[in-house]
Amino acid sequence: MEMRVVGFGLLVLFTFVIQCNGVFRFANYIQSHMVLQRAPQRAVVWGYGDAGVPITLKMNNKIYTTMSRQQPVNGLGENIWSVTLDAVSDEGPYDIQVTETLPNGTLLTITIHDVLFGDVWICSGQSNMQMTVSSIFNATEEIANAGNYPKIRVFTASLIPASTPVEELLGITLNWSVASSASIGGPDWSYMSAVCWLYGRMIHEDLGGRPIGLIATSWGGTPVEFWMPPNALHECNDTSSIYTNEVMTRQFNDRSFHAPIVNHSNLYNSMIYPFTRMVVYGSIWYQGEANAGNPTYACKFAKMIESWRQVWNQRTNGITDLQFPFGFVQLSTFTNDSRVIGGFPMLRWQQTFNVGYVPNNVVPNVFMAVALDLRDDPNNIHPRTKHDVGYRLSRAGLAVAYKQSVEFQGPIVKNVAYTTGSQTLNIVYTAVSSIDLRNPNGFEVCCQGSQCSDDSLWVPSSVSSKSGLTITLGVPSSCVGKQLYGLRYLWRETPCLFKQAAIYSGTDANLPSPPYIKLF
């Protein structure tokens, strides 16, 4: 039985709950058809058994031995065993057999089959990450072709919160599955995440068919606070435990919105923490709509990334990279009215840790896809244009996470030159070899000093010319002779028509310049 509650992307799905029997077993997400992390990292295989008994793991003619722990970790009296494998370069497939030797000499054996070694990516966030392949443009073709990628394996966690961190998942919506029309084209808002799948498929192709494991663990309508451990919240001076959704209710009161019965850290506890015993390559993230208007997002987003990296590194005994690659999608659009400013522009800026672009030095090894030009009016806050998101995010992932020489970002502002009294303003770009100027619109200036906190006082400033990597703006007559307070670009909730922002890369037409603001 499935119940769907629609409101700002919040979907509540009733799924089966995993029952633990206290018997010798793998952790519930260690399954046949999965992907484990390839060399140079060493993968971890773990599960539960009796206390203090010998454990033997066999894979590819290698034998590993360990002892299960003495102290139980749950109310069922189960004790964890864990084996760290040697680094595996060959992709497989492999069978992994684990045997427990009981005190009376009895041998219990469990086996998983068809395990590949490749790169494991975590995909998390809110509804635009949860949005499934079945709901996007060109879904029929994408689903039909999914079977052409048998080395991509997919998994989806269930939407169940927890008040404290749990060692394994409380529920599973899609067990580890080989990519197929069935596993990629599952029910709407259930499986498989479109952004997760498209990112994984595209890097898989560009990495020469390397196996890719994709773990979808997201929940629509959720703020960043739900995905952060308490210590990370405290570092941003947030000591509350309940998120009231006041901002969302105010901004989206034209929708039937129902807040999830979840508090701060609850989804970190149940949908992130369980995976932190598993070695991963990186993570991608699409979230922020629920935090629009929140001035603390830059701190919280940075601390969430840092805390995830620290916990993963610690719980895999230093194997998962302490600065593993983290990619995100900058907020796309919402309203169909391009005059609305709202909370999205500042949230987009905060997603870059108030720098305007990534990678940067605030949080290292982070990459992003710009999406504010991918307007899809009928779908408002859930654009179906996810192939473009996947393309942009995969280019950035290949460049930052895999150090490949690929173009991955649009023009980035290098400097702004303006002299008081001048009738023009020059913007010099970098990160590209040429600029595609599609129209002269999207720039605004303000010359009203401290009053510029009032958005209505910002006035359009059109592009008058382009030369190489420099564009020239005409200063509006109302500001000529006055000191400019600030310059901003694409500072709207939905700033332009589909792929009609002003500035794109001249050598990759699908890489726009990100939004920008500068106060003089």
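**Exercise 1. In what order do the four strands of the open sheet stand, and is the pairing parallel or antiparallel?**

The structure is a predicted model, in which local features need pLDDT of at least 70 and side-chain atom pairs count only at pLDDT 80 or more, while totals for chains, interfaces and linings use all residues. Residues are numbered from 1 along each chain as its sequence is written, and side-chain values use heavy atoms, with hydrogens and water left out.

Solution.
- Step 1. Strands are DSSP runs of E with at least two residues, and helices are runs of H or I with at least four residues, both numbered from the N terminus. Two strands pair if DSSP finds at least two bridges between them.
- Step 2. The order in the open sheet is β15-β16-β21-β20, with antiparallel pairing.
- Step 3. Because β15 (412-417) and β20 (463-467) each have a single partner strand, they form the edges, and one side of each lacks a neighbour in the sheet.
- Step 4. On average, neighbouring strands of this sheet are turned by 25° against each other, direction ignored; the axes are lines fitted to C-alpha atoms.

**Exercise 2. Determine how many bridges join β15 to β16, and which residue stands opposite Val416.**

Solution.
- Step 1. The antiparallel strands β15 and β16 (residues 424-430) are joined by five bridges.
- Step 2. Opposite Val416 stands Ile427 in β16.

**Exercise 3. Describe helix α4 by its span, its burial and its ends.**

Solution.
- Step 1. The expected span of a helix is 1.5 Å times one less than its number of residues. Helix α4 (residues 194-206) has 13 residues and spans 18 Å from first to last C-alpha, close to the expected 18 Å.
- Step 2. Of the 13 residues in α4, 11 are buried (under 20% relative accessible area with a 1.4 Å probe, protein chains only; exposed is over 50%, partly exposed in between). Among them are Trp197, Tyr199 and Arg201.
- Step 3. At the N-terminal end, Ser193 caps α4, with a side-chain oxygen 3.2 Å from the backbone nitrogen of Cys196.
- Step 4. After α4 comes Gly208, which has a positive phi near 75°.

**Exercise 4. Locate Asn28, and state whether Asn28 is buried or exposed.**

Solution.
- Step 1. The loop between β1 (25-26) and β2 (35-37) contains Asn28.
- Step 2. With a relative accessible area of 10%, Asn28 is buried.
- Step 3. The Asn28 side chain reaches the backbone oxygen of Leu169 at 2.8 Å.

Methods
Axes are lines fitted to C-alpha atoms, for helices over the stretch in contact, and angles run from 0 to 180 degrees between N-to-C directions. A polar contact is a pair of N or O atoms within 3.5 Å; within protein, one must be able to donate a hydrogen and the other to accept it, and residues adjacent in sequence count only if both atoms are side-chain atoms.
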